[in-house]
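Q: Could you take a close look at one part of this model for me, the main nonpolar core, and then set it in its surroundings?

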Amino acid sequence: MGVLSGARKQEEGGRAGPAAIRRAIDAAEARERDGSEPRPLDPRPSLSGPVARAETARLRGEGAGAARFGNIFNSLVTKLVILLLVFTVVPVILYDVFKEADAEKQRLLLQSVREQGRLIGESLRPLIERSDPSPLKDLPRSVGALGTEDTNVRVVFKAAGQTGLEDFFLVAADPPVPPAMLPAERAELLESGALDNLAESCAGNMPVAVRKPAPSGGFELVTSITPINTEVGCFAVVTVNTGAFLGTSIGQPYWQTWEVRTAVVIYVAMALLTLGVFLLIWRNLMRFRRLAREIRTGRRDAGSFAAANRVAELEPVAEEFDRLTRSLQASADDIRRAAEDNAHAFKTPIAIMRQSLEPLQRLVPGESMRGRRALQVLETSIDRLDHLVNSARRLEETTAELLDPPNQAIDLSNLLRRMLGAYAEAYERRGLKFAARLQPGVVVRAGEDLLETVVENVVDNAVEVSPEGELIDVSLDSRDGVARLVVRDRGPGVPNGQLEHIFERYVSLRGETTACERQGGTATETETEVVGGDAAEKTAAHLGIGLWIVRRNLEAVGGGVRARNLPEGGLEVTMTLPVAS
């Protein structure tokens, strides 16, 4: 589309375009503020053309990569994932380390109690190996003398020739077991598996670490079994610990100890608390995000950040956001009022000057070429001043809409149908035709004035660059909650490499488009100087803000715009807007 905004170079003959002048003024003001002198020209050759674009693309790629890495590293989600990994990996490592240390502690403790059990068994060996009189009578008294507060002693006997576990009988115990509980104590001892190795052979000192229910309730720990083989059968001296060893992991998996269970409860509580804090902050930020989006798209009744906040520490931040929002909305109102006041103040003297030209035109003789030329210059200048005032007002209104965009349900289908009908009548004399393919009932969230400005700027561009008799195609549809408005023209399109710049501010490619149309080929990068009456007025009117306003207006309400050259010639501009729910 030839009404195209883009980056400008200097005009032929050394004249600078609007963008170049703007950059020069900004640079001069920056040097004045900094108090620095202009830098001397670099004698080295500068990069230009494809080499410069490639270098710029490389630097942008590196910058984008660094930015993406920084965003990932600073992300709250990334930190949460790292924290989850720490909560998962660290307990496994610590558990293995502590388990190995506990296994070493078990080994030392069992070595001590087993030695105690072996000594008890050896002290009873002479009595048990006695054949006459039978040791069964004196065995309970001897066993009672060997027991301690934390160590109980059991003696079981299996007659010679018997090979089953059920053939073992409890013959002595300290503390004594009531007769009524003897069967239960015998059964528990057999079920614990401590005597399994004695079923077929009665030899060797067998260290064990088996927990079993105690007759008086709770648990006790079988720590050693000393078998004594005699002529009458197999005796086994069993030592049972009922004291401090029950508080260790001996005889049970390490994870069942109270230390590990307590640590797991504390660790899980700490992990849940930490994740809860992350979740609370995340949900609060998501509420802030939704509220900010609603405010950005113009919903003044969306609420306040302070009301949406659930984290006490973020209350000052929420209050500052509310103050900022109110300040921006007030600034937008002030800018709108100032735009109207300034436009009115300028329009009055412009109208007076325009009316004052009429008597002058009657007084200046027709043969006075110099006088007529002066009047023509004055009229052109007044027209240009009027256009500049209108452009300044549009810029101020656009700035206000960026700060406080409108948020109304607008039937875009009806708005386009009405506007395109007016365009068709206005440009019928040029032979231009409009083909409208509009999906009915497409309602978007925006402002009617904002949308009219967008459509006017894009369609005006298409009209100005389209040759006589050509077709301008406008289509509107809605998919997946997004409205798509597409405008296609049959103009010369945009020069290669300029598509990414056509929506920038204070730049225009109209000179390039004109040159392209005259030459019948691709436009050069040198803006053509246009002189003389109407041409000068038309060129002066193109300040390079039309498509910039289109982009800013659409972005203000959550939409966007992009452009591409059509293969068959012409330009396609695609605008997107969020559909009203």
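**The core and its setting**

A: Happy to! The protein has 14 helices and 12 strands, taken as DSSP runs (helices H or I, at least four residues; strands E, at least two) numbered from the N terminus. This is a predicted model, where local features need pLDDT of at least 70 and side-chain atom pairs pLDDT 80 or more, while totals for chains, interfaces and linings use all residues. Residues are numbered from 1 along each chain as its sequence is written, and side-chain values use heavy atoms, leaving out hydrogens and water.

Of the 581 residues, 35% count as buried, meaning under 20% relative accessible area with a 1.4 Å probe, protein chains only (exposed is over 50%, partly exposed in between). A nonpolar core is a set of buried Ala, Val, Leu, Ile, Met, Phe, Trp, Tyr and Cys residues joined through side-chain atoms within 4.5 Å.

The largest such core holds 40 residues, and Leu412, Val444, Leu451, Val550, Met575 and Leu577 touch the most other members. Helix H11 (residues 448-465) gives this core its largest share, eight residues. Leu451 touches Ile410, Leu412, Leu415, Val444, Ala446 and Leu577, leaving aside residues up to four places away in sequence; contact here is heavy atoms within 4.5 Å. A second, separate core has 16 residues, among them Ala173, Leu190, Ile225 and Val238.
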